[in-house]
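Here is a short briefing for a first look at this structure. Keep the sequence and the 3D view at hand while reading.

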Amino acid sequence: MSCCGKSGKDRCVCDKVREIARVQDAVDNNCCESGSCHRSIQDLVSPTGGDGRDTIPFVLLCGCENTFAGLLPYFAWGVKKYNGCSGLYPSPFFRVKRFVEGKRCCAILELLYPERCGSSYFKYSNFFRTGICVEVDLSKFTGITCFHPVAALNASEADMDAGAELVQQLKSDPSMMGSLSSED
């Protein structure tokens with residue numbers, strides 16, 4: 001998967017996601033079905049962090065020409081089956097599951113959906129694990145933004161529908177995407 005055709009020699013995104021995977025593995029069994037990442041990693045492994053938190057949610061950023069602000073979140077698409085029907089689900093929010101064996105920068109990421117905090121589209125109280133995974137070449141991204149560690153919840157069908165609706169609103173309204181960096 002590529003992000004505007006970038007092929008990075010700098011592996012800072014790969015290295016940061018690898019570190020997130022390492023510390024998440026220390027507190028959770030990783031099977032499939034913000035701000036500073038360094039701080040989020042420290043919060044997850046701190047002696048006071050043992051309160052059930054098992055996930056550092058993050059957003060991958062694309063540095064593409066002809067975009068406002070220069071960096072935009074990458075939206076991955078995954079497939080999930082409910083009640084005999086398969087559906088496509090997009091999300092810019094991820095949880096690293098593991099790195100692909102033998103590959104330095106390819107990782108399996110689980111799509112997350114946010115749980116809104118109040119009426120803001122940009123404030124989240126937690127994240128839902130969707131069980132939807134995608135394989136991503138992390139060398140194609142120019143940045144990463146991490147949220148505070150959370151005890152991610154398993155998504156019900158209603159949570160999936162609400163999360164898909166919220167993500168679609170974020171994706172379809174350019175003014176909302178442009179304000180991602182200015183929202184407190």
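The points below cover salt bridges, a helix, the nonpolar core and the surface.

This is a predicted model. A search of the whole structure finds 5 salt bridges. Asp54, Lys97, Glu110 and Arg129 are linked in a network of such bridges. The largest nonpolar core has 50 residues.

**The salt-bridge network**

- Start with Arg129, which forms a salt bridge with Asp54. Their closest N and O atoms are 3.8 Å apart.
- This pair links distant parts of the chain, 75 residues apart. Arg129 sits in strand β7 (residues 124-137). Asp54 sits in the loop between α2 (37-45) and β1 (58-63).
- Arg129 has a relative accessible area of 12%, so it counts as buried, the cut-off being under 20%. Asp54 is buried too, with a relative accessible area of 10%.
- Glu110 and Arg129 meet through their side chains in a salt bridge of 3.3 Å, N to O. Glu110 lies in strand β6 and Arg129 in strand β7, so this pair ties together parts that are 19 residues apart in sequence.
- Lys97 and Glu110 also meet in a salt bridge, at 3.3 Å from N to O. Lys97 belongs to strand β5 (residues 93-99) and Glu110 to strand β6 (residues 106-116), so the bridge ties together parts 13 residues apart in sequence.
- Are Lys97 and Glu110 buried or exposed? Lys97 counts as buried, at 3% relative accessibility. Glu110 counts as buried as well, at 1% relative accessibility.

**Helix α1**

- Helix α1 spans residues 12-27 and has 16 residues.
- From its first C-alpha to its last, α1 reaches 23 Å. That is close to the 22 Å expected at 1.5 Å a residue.
- The buried residues of α1 are Val13, Cys14, Val17, Ile20, Ala21, Val23 and Gln24.
- An α-helix has 3.6 residues a turn, so residues three or four places apart point the same way.

**The nonpolar core**

- Which residues have the most contacts inside the largest nonpolar core? They are Phe58, Leu60, Phe93, Leu109 and Leu138.
- Take Leu138, leaving aside its neighbours within four places in sequence. Leu138 is in contact with Val13, Cys14 and Val17, among others.
- Val13, Cys14 and Val17 are among the buried residues of α1.
- Further contacts of Leu138 include Leu60, Phe99, Cys105, Ala107 and Leu109.

**The surface**

- Trp77, Val79 and Leu88 form a nonpolar patch on the surface. Together they have about 330 Å² of accessible area.
- Val79 lies in strand β3 (residues 76-82). Its relative accessible area is 55%, so Val79 is exposed, the cut-off being over 50%.

**Helix α3**

- Asp161 has its place in helix α3 (residues 157-172).
- Asp161 counts as partly exposed, at 43% relative accessibility.
- Asp161 and Tyr113 are 48 residues apart along the chain. Their C-alpha atoms are separated by 9.6 Å.

Key:
Residues numbered from 1 in each chain as written. Predicted model: local features only at pLDDT ≥ 70, side-chain atom pairs only at ≥ 80, totals over all residues. Heavy atoms only, no water. Helix = DSSP H or I, 4+ residues; strand = E, 2+ residues; numbered from the N terminus. Expected span 1.5 Å × (residues − 1). Buried < 20%, exposed > 50% of the residue type's maximum accessible area, 1.4 Å probe, protein only. Salt bridge = Lys/Arg side-chain N within 4 Å of Asp/Glu carboxyl O. Patch = residues over 30% accessible without salt bridge, like charges linked within 9 Å, V, L, I, M, F, W, Y side chains within 5 Å. Areas by Shrake-Rupley, 256 points an atom, 1.4 Å probe, with all protein chains shown as cover. Core = buried A, V, L, I, M, F, W, Y, C linked by side-chain atoms within 4.5 Å. Contact = heavy atoms within 4.5 Å.
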